[in-house]
Amino acid sequence: MAADQQEGGQVAWWTRAVVYQVYPRSFMDSDGDGVGDLGGLLLRLDHLADLGVDVVWLSPVYPSPQADNGYDISDYQDIDPLFGSLEQLDELISAMHARGMKLVMDLVVNHTSDQHPWFLEARSSTDSAKRDWYWWRPPRAGMAAGEPGAEPTNWQSFFSGPVWELDEPSGEYYLHLFDRRQPDLNWENPDVRQAVYAMMRWWLDRGVDGFRMDVINMISKDVGPDGHLHDGPPLPGSSLGDGSASYLSGPRIHEFLQEMHREVFTGRSDALLTVGEMPGVTVEQARLFTDPARGEVDMVFQFEHVGLDHGTSKWDVHPLRLRDLKASFGRWQAGLAEVGWNSLYWDNHDQPRAVSRFGDDSPEFRRDSATCLATLLHLHRGTPYVYQGEEIGMANFPFTALEEFRDIESLNHHVQAVSAGDDPAHVLAALRTMGRDNARTPVQWDATPNAGFTTGTPWIAVNPDHAEWNVAAQRDDEQSVLAHHRRLIALRHTDDVVALGDFHMLLPGHDEVYAFTRSLDGDTLLVVCNLSRTPYRLAELLPEAPGAELVLGNLPDDDPAQLRPWEARVLRV
Ligand code: ISL
């Protein structure tokens, strides 16, 4: 067995684990205010236990002005009353531990809210002791504060517009890679780092089992020897530039993560989980971040496969080619085969729904394509992440008007694009396809008017398809998407080859069928998934397949010779 699966000579527990992401605002509302909360999560823990997941990653529940639904934190060591209380969080930890599940918190420390006391203090005066906890810069040389183009660098923010916001009283700008209400912390300052580590230790002491680290590959900015941040290459058709070379995996990123590991995790149990969210990370970098010998993080979220349908931006939507997906996943499987570990995901709170994006959400193929995609993902080598609602095949929302959107990214983009002259109908179509709100509509628990999510008015509309697509309808149906997820999760727990087997891609050039093997100590699984409506003769694709033992399939087991539309089979050869 390769060194990567070993922590102190043991196979790391998370090789056999499946993680479930809860986006609390949309999971379950217990108090009728229309927003999901910790009480709601406590009510639905049995659903997660039935599914068999090992870990819950909880998106932010800390006090926050909610400009970015909690990814703008104003107090790292409390719970927003919108979601509940610290007592409930403690209750959640115990209730989850009692069921054998772990709780992983979201750690958002690239930036804080502009209402965080640290930022309020930093902003109060150029002499403030906390001034240097954030990134302040004067206007570009020779230009006046506020003049167009006077921003210290030309970088474009992730949420449209420049990354610099002018603070009028001081005449200086502060940096925000995301919204202006999310100022970036200055990790060059050791006091910032120690404050973050202390906060992390406080949560671990409370009993949480690890962290999902928001945009953690952006915390080190490239300040050259001259202390300056530099312009990036101009973006086509824009006055702004791409600053990513200055903040993705910056010069001190490994140093910071190793320091964090030492300061926070040394001497603690091996039963913790760390996963770094890393937009733009390459497989070579990921190998360094996840090499256990380096002591950084257990695994990372990479973004290659969720960028394959992007053109010049995520709003410039292109059809996905299966061979590109295979090439990408194949490269990540191979790249982290000997050292490091993959996280596997289709969906999260930032992505459109998988069945609508990678599958076929027509009534005829929705169930089959959702189960096919799940099979494909869970049979790869790595730790699978299931995003709330994915386990029942939730689909994109049929948005028709701007008023239906809530997400800051979508709303900012609409303002910018329309003011730049884009056709509003075209902009709306892109939001409908790619907007993050697709993932944020309430979980569909049952067929009642608000899908069992709330007794009040939901903060964002419930998908009208909930009358048919809901947990209650699927719970006892062995053919459901939910039951299929249960089987896939169980398979990873019981079958070592699923957790640990080597990965080998088959049919790399095929445009509709995705096939691979997993092998461990002479045991081999053959996984074959038809990602299309075209039926195939199995023997013509993979001669060894028709005679093999069926371990798990997503369609009734009545036609071994054919690979039917959206059929997935896991075979033992
Ligand atoms: O959502 C995206 C696609 O446009 C990404 O750019 C996303 O913003 C990026 O993956 C970082 O995401 C994380 O940090 C953001 C927050 O809005 C996201 O919800 C979070 O997952 C800022 O904290």
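## A trio of phenylalanines

Phe-399 and Phe-405 are both buried, where buried means under 20% relative accessible area, exposed means over 50%, and partly exposed is what falls in between (1.4 Å probe, protein chains only). Before going further, keep in mind that this is a predicted model, in which local features need pLDDT of at least 70 and side-chain atom pairs count only at pLDDT 80 or more, while totals for chains, interfaces and linings use all residues. Residues are numbered from 1 along each chain as its sequence is written, and side-chain values use heavy atoms, with hydrogens and water left out.

Searching the whole structure turns up 29 aromatic pairs. One of them joins Phe-397 to Phe-399, a tilted pair with 4.6 Å from centre to centre and 50° between the planes. Phe-399 also partners Phe-405: the ring centres are 4.1 Å apart and the planes sit at 20°, so this pair is stacked. For the labels, rings of Phe, Tyr and Trp (its six-membered ring) pair if their centres lie within 6.5 Å; planes under 30 degrees apart count as stacked, over 60 as edge-to-face, and the rest as tilted. Phe-397 is buried too, with a relative accessible area of 7%, and the value for Phe-399 is 1%.

Arg-25 puts its charged end over the ring of Trp-459, 4.6 Å from the centre. Lys-102 does likewise with Trp-13, with its charged end 4.6 Å from the ring centre. To count, NZ of Lys or CZ of Arg has to be within 6 Å of the ring centre and within 35 degrees of the ring normal.

## The annotated domain

UniProt, in an unreviewed entry, lists residues 21–440 as "domain: Glycosyl hydrolase family 13 catalytic". UniProt positions are given in the numbering used here, feature names are shortened, and annotations may be inferred rather than shown by experiment. In the model, the end C-alpha atoms of that span lie 12 Å apart, and the span is 31% helix and 10% strand. Helices (H or I, at least four residues) and strands (E, at least two) are DSSP runs, numbered from the N terminus.

## Around the ligand

Of the 19 residues around the ligand, Asp-68, His-111, Asp-214, Asp-350 and Glu-409 come nearest; a residue makes the list if one of its heavy atoms lies within 4 Å of the molecule.

For three of these, here are the distances from a side-chain N or O atom to an oxygen atom of the ligand. Glu-409 gives 2.5 Å, Asp-214 gives 2.8 Å, and His-111 gives 2.9 Å.

Three strands make an open sheet in the order β6-β8-β7, paired antiparallel. β6 (136–137) and β7 (164–167) stand at the edges with a single partner strand each, so one side of each has no neighbour in the sheet. β6 is joined to β8 (residues 172–175) by two bridges, and the two strands run antiparallel. Within that pairing, Arg-137 has Tyr-173 of β8 as its bridge partner. Two strands pair if DSSP finds at least two bridges between them.

## β13, covered on both faces

All five of the five residues in β13 (residues 383–387) are buried. On one side are Thr-383, Tyr-385 and Tyr-387, and on the other Pro-384 and Val-386.

In β15 (residues 513–520), seven of the eight residues are buried. Five bridges link β15 to β14 (residues 502–506), running antiparallel, with His-504 opposite Thr-517. Their hairpin has six residues between the strands, and Leu-507 takes a positive phi near 45°.

Eight bridges then join β15 to β16 (residues 523–530), again antiparallel, and Leu-520 stands opposite Asp-523. This hairpin has two residues between the strands, and Asp-521 takes a positive phi near 50°.

Note on methods:
A polar contact is a pair of N or O atoms within 3.5 Å; within protein, one must be able to donate a hydrogen and the other to accept it, and residues adjacent in sequence count only if both atoms are side-chain atoms.
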